[in-house]
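Dear colleague,

I am passing on to you the structure shown below, together with a short account of what was found in it. Please read the notes alongside the coordinates.

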Amino acid sequence: TPPAPPPTPSTPPPPPTPTGEEAQMPSSSAEDVSETLADTNEAPIELSASMQLKQKLEAYREAKGIEWGVSGKGSKIYNFRIQVVEADPNSKSWGKARSIAFDNALVGAQADFIKDQFGRQTVRMGKKLFEDASDDAEDFEGKANSSGMAGKLKAIANKVVALSDATLSNKLDEMGVDSSEFDAAPESEKKVVFMEQFTKKAMVRAFGSISGLVPIQTFQGRANVNGEITDAIGVVMMYSPKLKQLASDIANQRIPILKKTKGKGKPVKEFVPKDPKILVNQFGLRVGFDENNVPYLVSYGQWSYIDKGLSERKRERRRESARETAASNADSQITMFLAGRLSYTNEKVTGSHVEEAIEGIFNPDGSVSVDKIPYENMIDKTNESIEVNAKAKMAGRQTVVPMWTYKDAPGAKGDEVRTYDHEIVGVVRAWTLAAAQTNAELTGGTLSSTTPNKSPEPEI
């Protein structure tokens, strides 16, 4: 008898006619359409503050035609860092935490530069393995006999529980029982039958100069994810040999070699924004050129205080204290640019520890109950240390904007009502050649001049 023919496959019903939004989608298989519909029905992804800044930074990179961490035209190197503000906008420390977040991002970006340019890494990996595959690996017979004695001794102890410890020892001795054996009799014991441990330790140390490294752009982001408002600060850094030379010239009281050869600069007063709404978003140091195309340094510093419930006299004192801190922050950034040196250490330890053990529980009747104990642990530890030191003369510095103030207003949705009012206070400090020459006259000295080895490129 010939074999029966294979069954005829049934024809699947035609897909339903799309309507509404589905009708506007390009034709595709039923599976693709269902996946697309599932995606469109999901709740939109709310980006965190850090992710928002990463998108802004990538847009900035593409617009400027630069690459992160790669030496480009003129030996320039760009990198960035993002730091979350470690305070809620409705907390009393938010204004100060915002300024500290910039400093944190700045130091992190400087450390990344030093690590890549001057770092040395040592790596050590190790592995340990133990396995007991003996026939008696899971036996506790010796302890089982002891456990029977332990049960007997416990019964004896219960009878003389009212006696003192010394009397108890004497009674045990009279009965021919070694009291030390009674004390040492275990109730349980753990035996490791398998253990494997792997450890990797990577240490990076770096030390070098950060002069010539400047923040050229800062970004801010705010996100409201699940009702939690978070701020973040991002900073873009640039290193240039020309800026390093500029820092060296200023620190050593020389007339800068660097000149702007394309276009014309503008006075420092015109370079600095006047609107506090713009100034509040300016952090760090910038390099500009005056009307004679001579470079100058502009440094934006800020701090804040809470004026809620203060009398006018206290408010003035708090504002002045914030102004002094802002001026100190601005000067610190100039000093770091001129003569900053950074020390960096980072130790990372990763690995795994896997263990199989058995526990023997010794019962009073001499039997043993065995319980298996699995154990696994992933090791992930980081120990990082960054220290920046700088020392430079204050000669040639001047205050461009003695003080500006900005009252922080509600921002993101859900942030309409603030628990605290933060007044942000800022100061703009600058180094200019004119101020340096005036200082030299006051101190009876002069600025030395140097001749460049080669003509400068069009622009920094």
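Two strands are taken to pair if DSSP finds at least two bridges between them. The model is a predicted one.

By that criterion, an open sheet is formed by 4 strands in the order 7-8-12-11, with antiparallel pairing. Strand 7 (284-289) and strand 11 (397-407) are its edge strands, each of which pairs on one side only. From one strand to the next, the twist averages 20°.

Tyr 406 has Ile 424, in strand 12, as its bridge partner.

A helix also accompanies the sheet. Helix 7 (residues 241-251) lies across strand 7, strand 8 (295-306) and strand 12, and its direction is at about 85° to strand 8.

The second topic is a helix pair. Two packed helices are described by the angle between their axes and the distance between the axes. For helix 3 (residues 94-118) and helix 10 (residues 312-339), the packing angle is about 5° and the axes are 13 Å apart. Angles under 35 degrees count as roughly parallel, and helix 3 and helix 10 are therefore roughly parallel to each other.

In this contact, helix 3 contributes Ser 99, Phe 102, Asp 103, Leu 106 and Gln 110, which meet Asn 329, Gln 333 and Met 336 of helix 10. The residues of the contact comprise 3 nonpolar, 4 polar and 1 charged.

With kind regards

Key:
Residues are numbered from 1 along each chain as its sequence is written. This is a predicted model: local features need pLDDT of at least 70, side-chain atom pairs count only at pLDDT 80 or more; totals for chains, interfaces and linings use all residues. Side-chain values use heavy atoms; hydrogens and water are left out. Helices (H or I, at least four residues) and strands (E, at least two) are DSSP runs, numbered from the N terminus. Axes are lines fitted to C-alpha atoms, for helices over the stretch in contact, and angles run from 0 to 180 degrees between N-to-C directions. Contact means heavy atoms within 4.5 Å. Angles under 35 degrees count as roughly parallel, over 145 as roughly antiparallel, 65 to 115 as roughly perpendicular and the rest as oblique. Ala, Val, Leu, Ile, Met, Phe, Trp, Tyr, Cys and Pro count as nonpolar, Asp, Glu, Lys and Arg as charged, and the others, Gly among them, as polar.
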